[in-house]
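This report concerns nonpolar packing and charged side-chain pairs in a predicted model.

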Amino acid sequence: MPHPLLDEVTIVDTPGVLSGEKQRTQRSYDFTGVVSWFAAKSDVILLLFDPHKLDISDEFKRLMRVYGALMWSLGKVLNTPEVARVYIGSFNDKPANEGFTGPLGKNLFEKEQNDLLADLLDIPKKACDRRINEFVKRARSAKIHAYIISHLKKEMPAIMGKAKAQQKLTDNLENEFAKVQREYHLPSGDFPSVEHFREVLSGYSIDKFEKLKPKMIQAIDDMLGYEIPELLKKFRNPYD
């Protein structure tokens, strides 16, 4: 389609979500893994519902009950404190059927469709914020990983019993994380998953890691405290 937005975005249509046991047994690949991979790289995710297929009741024919039904279904599958934005409308190339929606519903459908299009047009501007936020998150994560490894390395014996000491440290990783948090005054929410960190760490020898380099930590702090804010000043605020 000849729309300038398509010069700046890529739209990926993933397979639909099957109901019940079909979702798990009738896939020849890791559906959740594939969709998660795309989701982590996306600026906007649109989850499309057919209100006629929601397993709730026959009351969907009334417009606001359809909206309520959608929110009810989303509440069961989206485990987030944020309220998902629901666009309700007839999203095709034909005008809304006023005989079905009524004049009030037709007006609502048109406004909802315009809202959706406006949000899609904002993607290129808002994508910059998301990428910078993701970069900052990774930088903070790298800093915390460095502190954790440095702490574990200090707890290792100099000569004898290294394997036994490493096993003890990994078994008590929750306590070691708490020590690092207190020592460096770090927010607990920035720490990695204990189980995942333990699994990755099992493939390495702690004493083989390099020592912590304060200059590199300072470089990360300078970047987060000064360079990123200066970089953001060069971008137009998309919310003006």
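## Nonpolar cores

Contact here means heavy atoms within 4.5 Å. Leaving aside neighbours within four places in sequence, Phe197 is in contact with His145, Ile148, Ile149, Leu152, Leu173, Phe177 and Pro192.

The largest nonpolar core of the predicted model has 17 residues, and Ile148, Leu152, Phe191 and Phe197 are those with the most contacts inside it. At least two residues of this core come from each of helix 5 (123-155), helix 6 (162-171), helix 7 (173-184) and helix 8 (194-201). Helix 5 supplies the largest share, five residues. A second, separate core of six residues includes Cys128, Ile132, Ala139 and Ile228.

## Salt bridge within helix 5

The count of salt bridges comes to nine. In one of them, the side chains of Glu134 and Arg138 meet at 3.1 Å, N to O. About one helical turn separates Arg138 and Glu134, because they are four residues apart in helix 5. Arg138 is exposed, at 59% relative accessible area, whereas Glu134 is partly exposed at 29%.

## Salt bridges between distant segments

Asp221 and Lys143 form a salt bridge at 2.6 Å, N to O. This pair links helix 9 (residues 214-232), which holds Asp221, to helix 5, which holds Lys143, across 78 residues. Lys143 counts as buried, with 16% relative accessibility, while Asp221 is partly exposed at 26%.

In another salt bridge, the closest N and O atoms of Lys162 and Asp207 are 3.2 Å apart. Lys162 lies in helix 6 and Asp207 in the loop between helix 8 and helix 9, 45 residues apart. Lys162 is partly exposed at 27% relative accessibility, and Asp207 is partly exposed at 25%.

## Salt-bridge network

A network of salt bridges links Glu174, Glu195 and Arg198.

Note on methods. Residues are numbered from 1 along each chain as its sequence is written. This is a predicted model: local features need pLDDT of at least 70, side-chain atom pairs count only at pLDDT 80 or more; totals for chains, interfaces and linings use all residues. Side-chain values use heavy atoms; hydrogens and water are left out. A nonpolar core is a set of buried Ala, Val, Leu, Ile, Met, Phe, Trp, Tyr and Cys residues joined through side-chain atoms within 4.5 Å. Buried means under 20% relative accessible area, exposed over 50%, partly exposed in between (1.4 Å probe, protein chains only). A salt bridge is a side-chain nitrogen of Lys or Arg within 4 Å of a carboxyl oxygen of Asp or Glu.
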